[in-house]
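Please keep the sequence and the structure in view while reading.

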Amino acid sequence: MVCGGGLADLLRNGALESWAQVGEALGVTETEALDGFRGWIAGQADLYRRSGTLGFTDAAAEELHRLAEAVQS
(Lines give C-alpha, C1' and ligand atoms only; values in the text may rest on other atoms or scores of the structure.)
Protein backbone atom coordinates (compact mmCIF):
# COMPACT_ATOMS: atom_id res chain seq x y z
CA MET A 1 0.00 0.00 0.00
CA VAL A 2 1.37 3.38 -0.99
CA CYS A 3 0.68 6.42 1.19
CA GLY A 4 0.27 8.77 -1.74
CA GLY A 5 -0.41 12.07 0.00
CA GLY A 6 2.75 11.95 2.07
CA LEU A 7 4.84 10.89 -0.91
CA ALA A 8 3.39 13.71 -3.00
CA ASP A 9 4.45 16.20 -0.33
CA LEU A 10 7.96 14.72 -0.22
CA LEU A 11 8.22 14.93 -4.01
CA ARG A 12 7.05 18.53 -4.13
CA ASN A 13 9.61 19.47 -1.47
CA GLY A 14 12.47 17.58 -3.14
CA ALA A 15 12.82 15.33 -0.10
CA LEU A 16 12.30 11.93 -1.75
CA GLU A 17 15.69 10.38 -2.46
CA SER A 18 14.81 7.09 -4.12
CA TRP A 19 11.98 4.67 -4.84
CA ALA A 20 14.13 1.95 -3.27
CA GLN A 21 13.96 3.94 0.00
CA VAL A 22 10.16 4.16 -0.28
CA GLY A 23 9.90 0.47 -1.11
CA GLU A 24 12.01 -0.47 1.88
CA ALA A 25 9.88 1.67 4.19
CA LEU A 26 6.68 0.10 2.84
CA GLY A 27 7.98 -3.46 2.64
CA VAL A 28 7.65 -3.64 -1.15
CA THR A 29 10.02 -3.42 -4.09
CA GLU A 30 10.96 -0.06 -5.57
CA THR A 31 8.97 -0.97 -8.69
CA GLU A 32 5.89 -1.75 -6.60
CA ALA A 33 6.30 1.53 -4.71
CA LEU A 34 6.53 3.58 -7.91
CA ASP A 35 3.72 1.66 -9.62
CA GLY A 36 1.53 2.08 -6.56
CA PHE A 37 2.18 5.81 -6.50
CA ARG A 38 1.40 6.09 -10.21
CA GLY A 39 -1.87 4.28 -9.58
CA TRP A 40 -2.70 6.59 -6.70
CA ILE A 41 -2.09 9.64 -8.92
CA ALA A 42 -4.35 8.17 -11.61
CA GLY A 43 -7.05 7.55 -9.03
CA GLN A 44 -6.82 11.12 -7.77
CA ALA A 45 -7.08 12.49 -11.32
CA ASP A 46 -10.10 10.26 -11.97
CA LEU A 47 -11.68 11.46 -8.73
CA TYR A 48 -11.26 15.08 -9.85
CA ARG A 49 -12.79 14.34 -13.25
CA ARG A 50 -15.81 12.78 -11.56
CA SER A 51 -16.28 15.25 -8.72
CA GLY A 52 -14.87 18.47 -10.13
CA THR A 53 -13.53 19.40 -6.70
CA LEU A 54 -11.74 16.45 -5.04
CA GLY A 55 -8.46 14.93 -6.22
CA PHE A 56 -5.94 16.28 -8.73
CA THR A 57 -6.41 18.25 -11.90
CA ASP A 58 -4.70 16.76 -14.94
CA ALA A 59 -1.99 19.42 -14.62
CA ALA A 60 -1.31 18.52 -10.97
CA ALA A 61 -1.25 14.81 -11.85
CA GLU A 62 1.21 15.45 -14.69
CA GLU A 63 3.45 17.44 -12.35
CA LEU A 64 3.55 14.59 -9.84
CA HIS A 65 4.25 12.04 -12.59
CA ARG A 66 7.15 14.21 -13.78
CA LEU A 67 8.52 14.58 -10.25
CA ALA A 68 8.15 10.84 -9.59
CA GLU A 69 10.02 9.92 -12.75
CA ALA A 70 12.88 12.27 -11.81
CA VAL A 71 13.57 10.35 -8.57
CA GLN A 72 16.29 7.70 -8.72
CA SER A 73 15.40 4.05 -8.45
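At what angle do the axes of helix α1 and helix α4 cross? The axes of α1 (residues 4-12) and α4 (residues 58-70) cross at roughly 75 degrees and come within 10 Å, which makes α1 roughly perpendicular (65 to 115 degrees) to α4. On the α1 side, A8, L11 and R12 make the contact (heavy atoms within 4.5 Å), and on the α4 side L64, L67 and A68 do so. These residues comprise 5 nonpolar, no polar and 1 charged.

The model is predicted: local features need pLDDT of at least 70, side-chain atom pairs count only at pLDDT 80 or more, and totals for chains, interfaces and linings use all residues. Residues are numbered from 1 along each chain as its sequence is written, and side-chain values use heavy atoms, with hydrogens and water left out.

The table lists buried residues (under 20% relative accessible area) and exposed ones (over 50%).

| Helix | Buried | Exposed, on the other side |
|---|---|---|
| α4 | A60, A61, L64, L67, A68 | A59, E62, R66, A70 |
| α3 (30-51) | A33, L34, F37, I41, Q44, A45 | R49, R50 |

The buried residues of α3 line one face of the helix, because they fall within an arc of 110 degrees seen down its axis. They pack against α1, α2 and α4. G52 follows α3 and has a positive phi, near 80 degrees.

Notes: Axes fitted to C-alpha atoms, helices over the stretch in contact; angles between N-to-C directions. Helix = DSSP H or I, 4+ residues; strand = E, 2+ residues; numbered from the N terminus. Parallel < 35°, antiparallel > 145°, perpendicular 65-115°, else oblique. Nonpolar A, V, L, I, M, F, W, Y, C, P; charged D, E, K, R; others polar. Buried < 20%, exposed > 50% of the residue type's maximum accessible area, 1.4 Å probe, protein only. Arc of directions from axis to C-beta.
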